[in-house]
Every structure is written in C-alpha cells, then in structure tokens.
Amino acid sequence: MARRRIIAGNWKMNKTPSEAVALCAELKDLVKNDAVDVVYCVPAIDIVPVVEAVKGTNVHVGAENFYIEDKGAFTGEISAPMLKDAGVEYIIIGHSERRDIFGENDILINQKVKKAFASGLKPILCCGESPTLRKAGTYKEWIERQITWDLDGVTADQVKELVIAYEPIWAIGTGETATADQAEEVCALIRELIAKLYDQATADAVRIQYGGSMNAGNAAELLSKANIDGGLIGGASLKPDFGQIVNA
Ligand code: PEP
C-alpha cells in the first residue's frame, strides 16, 4: 500500500515570530513537492504568523504541545480548540524532551492522543529508547510498551490517520543517526505491533517517521526503507537543508 510521505520539522524553542516568518520565506521554494506532506511544527507564539506566512503553499502547520482541557484555569497552557482555530493541523505528542524535561508520562500522552483526535488534530506520536535501553538490548520491549499504552482506547480508524515518529533518544540532537537498518528494524516492529493491536489494514495505513539527526546527507537512505514513511527533523528543519530532505 502506498503511504504518502510526511516530512515534519520540529522547530522546538527556536525562532521568534519575526525569525519564523523569515524562515518560511527562506524555505518557501525549497520545500515545494506536491507528493509529500510538509509540516512545520512551531512554537506556540509563532503559530499565527506562520499560518499566515505559508498560506497558498504546500506547507501544513503543526504545534509542539497543548493541554487536554478545552478551556479554564490552566495558566500558561493552550488548548486543542485554540490550535485548531489558529489553523493548526498536526500536533507533536510524547516527544522525549516533553517526557524527560517536563515529566509527561504515558497516561497523559494517551489522553493527549485521544483529545487531539477528538478535536480534529492529527497527532505525531513520538516514541524511542534511551541509550541505556539500546545498550541493554531491551529497546524493542520498551517501544512496544510505549505505543501500547499511548494508544489505549484509540480506534483503528484514528490510527489510520496517525503518524508515529520513532526517535531513539541517543540520536536526537547528537549528530549520531541510527543507521537505516537500525531505524527500519524498529519502524517495522511498530507496524507489526499495530497489526497485532488492530489489524493489517490499519498497520498498512499508519505512517511511521524516523527522527534523530536526520539531515540532507542521510535522508535519502533512511527514506528508502520500506517502513519509513517520513522524518521528524529537529536541527536540520531550521536550515535550507530541510528542502533537500523534503525532496530526498
Ligand atoms: C527531534 O527532536 O525531534 C529531532 C529529531 O531532533 P534532531 O533532528 O535535531 O536530532
């Protein structure tokens, strides 16, 4: 089954609103590719200007975080309806930086996945193992456990619209990329797990990205693998290299 490639940038806590608009202008012609879903996941304060800046282009906008309630006394948070109203389509959930630095656990991540779907946002659900688990050889069990918990109560029809990003923590921002075979091994495992938890049609539909120091030099090999349908890109999403990844 042909799955549409999805290349998403995770801008993290970089770019002021005016810098964000300038980056959109810099990348505009470089990221043109109608065969690929291109997404910029941007800091909350950049969402409104970025939505405006990419109007009429092939770029979709994503957010990096939200809270599970629609409104109320949650100082500092933003809600799914706010994101939706601002023109956001995708939402990163379960990134290792949110898990490790901000203490988000799989119970909250599962609630966020369900809330995102209920609100019409498409989750990019991240999973991945630490260097310790990779060395210990228990990374497969860890990934299976994360995905199983994070998708509890999520329907097959929803999973068909889901994007899962496999992001080994040892490869994020380190310059150390998983080899294409290491990435493919885990992406294939995730697809098999989805077939077990749901059915083969759902496993064939779900899109799985690799993330972790993907760049203009290694993207083509990673993206050539049967179970890697795209990339979630941090550092290289802030540079013209992102265009080369989109067109790899
Ligand atoms: C990320 O944090 O999602 C990521 C993949 O970062 P980098 O590309 O910088 O490793």
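Colleague: Which residues of helix H1 (residues 17-27) are buried, and what covers them?

Modeller: The model is a predicted one. In H1, the buried residues are Ala 20, Leu 23, Cys 24 and Leu 27. Viewed along the helix axis, they fall within an arc of 100°, so they line one face of H1. An α-helix has 3.6 residues a turn, so residues three or four places apart point the same way. On the face of H1 turned away from this buried side are the exposed residues Ser 18 and Ala 25.

The cover over the buried residues of H1 includes strand E2 (36-42), helix H2 (47-53) and helix H12 (241-246). Strand E2 contains Tyr 40, and the loop between strand E1 (5-10) and H1 contains Trp 11. Trp 11 and Tyr 40 are both buried. Together with Phe 242 they form one aromatic cluster. The whole structure has four aromatic pairs. Another of them joins Tyr 67 and Phe 74, with ring centres 5.1 Å apart and planes at 45°, so this pair is tilted too. Here Tyr 67 is partly exposed, at a relative accessible area of 25%, and Phe 74 is also partly exposed, at 32%.

In soluble globular proteins, nonpolar side chains tend to be buried together. The largest nonpolar core in this model has 66 residues, and Tyr 40, Leu 151 and Ile 194 are those with the most contacts inside it. Helix H9 (residues 180-197) gives the most to this core, with seven residues. As for Ile 194, its contacts beyond neighbours within four places in sequence include Ile 147, Leu 151, Val 159 and Ile 164. Asp 199, Thr 202, Ala 203 and Val 206 are also in contact with Ile 194.

The charged end of Arg 98 sits over the ring of Phe 102, 4.3 Å from the ring centre. Arg 134 lies over the face of Tyr 139, at 3.7 Å from the centre of that ring.

How values were computed
Residues numbered from 1 in each chain as written. Predicted model: local features only at pLDDT ≥ 70, side-chain atom pairs only at ≥ 80, totals over all residues. Heavy atoms only, no water. Core = buried A, V, L, I, M, F, W, Y, C linked by side-chain atoms within 4.5 Å. Buried < 20%, exposed > 50% of the residue type's maximum accessible area, 1.4 Å probe, protein only. Helix = DSSP H or I, 4+ residues; strand = E, 2+ residues; numbered from the N terminus. Contact = heavy atoms within 4.5 Å. Arc of directions from axis to C-beta. Phe/Tyr/Trp six-rings, centres within 6.5 Å; stacked < 30°, edge-to-face > 60°. Lys NZ or Arg CZ within 6 Å of the ring centre and 35° of its normal.
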